[in-house]
Amino acid sequence: MSDATDAQLAAQYEALPYPARDPRDEAKRLIVGSPSHLAEVDHWVFGARRAASLPLRALVAGGGTGDGALMLAQQMAWAGRPGEVVWLDRSGAARKVAEARAAARGLSNIRFVEGSILDLPEGIGTFDYVDCCGVLHHLPDPDAGLRNLAGVLNPGGGMGIMVYAPHGRTGVYMLQEAMRRIAPPTEAPAARVDIAKRVMRHLPETAWMRKNPWITDHLPLPQGGGDPGLYDLLLNPRDQAYTVPQLVELVAGAGMRIACLVEPLRYDPDPLLPDPKLRARTAAMSMIERAALAEALAGNMGIHIAYLTRAGDPEVRADWDTPGAVPVLRSGTGAEWAKGIRNGGLPVTFDGLRVVLPMPALAGAILNRIDGKRTLAEVVAEVPAPEAQVARDFAALRAAMEPMNRLLLAAPLA
């Protein structure tokens, strides 16, 4: 299912493996993000119901230089979780980088397989979880690619995907057009990068790219993505962006459904529209209609991250009414989050968009007791206040922080 453009894309990733990574940096930090953070997969895909003792077989399709595969494999190793992460990509150059990074971490739970999403290698098997981050929008047939990946999912399994979104990439497509004219795709990648850098040095003040602060991949390292980032952003031969309704159509065509858009709060128009008359209208909208409205209003979404489950499987949601469930913070400590509360509110920022979330009176006391070990019942019992009040405030805290993708439920041990 390849074409001339696809051949150019393959050449790009051989010449400039993406994203730019140095295996020596693995000693300094683990790159963490969405999708495929283990806590997110447990919560949004499996509803905090799939036992941590069960082996997890995961496929990272279009694994590039290894960010997603390494994150998931390392988190599984740290947690003592059994299973395997299969890295799949057709770029031998990217594989060398990813393998060197895995070796630097001493990870033995990653297997490397070269191949295409559109023609999955024979015998690759089936998976409980599939990651496809930043890949579908470059394929000659994204619909076929997603269908292929859905076809190797086990019952009850799910996916994490990322695709480009148009509004937050304002300016990108104009510059891509300009680059095609002055640095045609028929030229070698190195020559095109040189021309692109020269263009960027002289980019007019009126160019929309100059007015878009959320796009940084074209900047030099470490602020941006270096030459691979610049090429991927401005010189990529195929780049398709999806609005929320278009993403829903893509997902449905593969027999999947959206379990969560990350972060859910970004896709809620109500914080953007405090007017009661406007909220009366948003209240009548479906989740997807609300998400599409928020996308169009905010204008800063350059990507969509979504967790998917199979349309034929029962819907599974994390159950916050289970006393034995263990709440976890995806990032930071409870004390750190508690310190951020000011005058009964928690300010959060998403790509320049600032929202203040109302916090209940006992939020700080509750957060300070969430350590990934205490159960919901233990947290409620330890807060020095009437149990009914603690329960109400916990519910309010969860209603604020779960949509931020920060307060989640852990996988049960067994």
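The expected span of a helix is taken as 1.5 Å times one less than its number of residues. In this predicted model, helix 4 (residues 92–105) has 14 residues and should therefore span 20 Å at 1.5 Å a residue, which agrees with the 20 Å between its end C-alpha atoms. Buried positions in helix 4 are Gly92, Ala93, Ala94, Val97, Ala98, Arg101, Ala102 and Arg105. Just after helix 4, Gly106 adopts a positive phi of about 70°.

The largest nonpolar core comprises 38 residues, and the most contacts inside this core are made by Leu59, Leu146, Leu149, Met159, Ile161, Leu247 and Leu308. At least two residues of the core come from each of strand 1 (56–61), strand 2, strand 4 (127–133), helix 5 (142–150), strand 5 (153–164), helix 9 (244–253), strand 6 (256–262) and strand 7.

Apart from residues up to four places away in sequence, Leu308 touches Leu146, Gly158, Met159, Ile161, Val251, Met256, Arg257, Ile258 and Ala259. Thr309 belongs to strand 7 (residues 303–310). The relative accessibility of Thr309 is 12%, and because buried means under 20%, Thr309 counts as buried. With neighbours within four places in sequence left aside, the contacts of Thr309 are Val45, Gly157, Gly158, Met256, Arg257 and Ala259.

Two or more lining residues are given by each of helix 2 (38–45), helix 3 (67–79) and strand 8 (327–329). By class, the lining of the second largest pocket is made up of 16 nonpolar, nine polar and five charged residues.

One cavity of 30 Å³ or more is present in the structure. The volume of the largest cavity is about 40 Å³. Leu265, Arg266, Asp268, Pro271, Leu272, Phe350, Leu353 and Val355 form the lining of the largest cavity. Six of these lining residues are nonpolar and two are charged, with no polar residue among them.

Key:
Residues are numbered from 1 along each chain as its sequence is written. This is a predicted model: local features need pLDDT of at least 70, side-chain atom pairs count only at pLDDT 80 or more; totals for chains, interfaces and linings use all residues. Side-chain values use heavy atoms; hydrogens and water are left out. Helices (H or I, at least four residues) and strands (E, at least two) are DSSP runs, numbered from the N terminus. Ala, Val, Leu, Ile, Met, Phe, Trp, Tyr, Cys and Pro count as nonpolar, Asp, Glu, Lys and Arg as charged, and the others, Gly among them, as polar. Buried means under 20% relative accessible area, exposed over 50%, partly exposed in between (1.4 Å probe, protein chains only). Contact means heavy atoms within 4.5 Å. A nonpolar core is a set of buried Ala, Val, Leu, Ile, Met, Phe, Trp, Tyr and Cys residues joined through side-chain atoms within 4.5 Å. On a 1 Å grid over the protein atoms alone, a cavity is a set of points where a 1.4 Å probe fits but cannot get out, and a pocket is an open set with protein on both sides within 12 Å along at least five of seven lines; lining residues have an atom within 4 Å of a point. Grid points are joined across faces, edges and corners, and a volume is the space filled by probe spheres set on the points.
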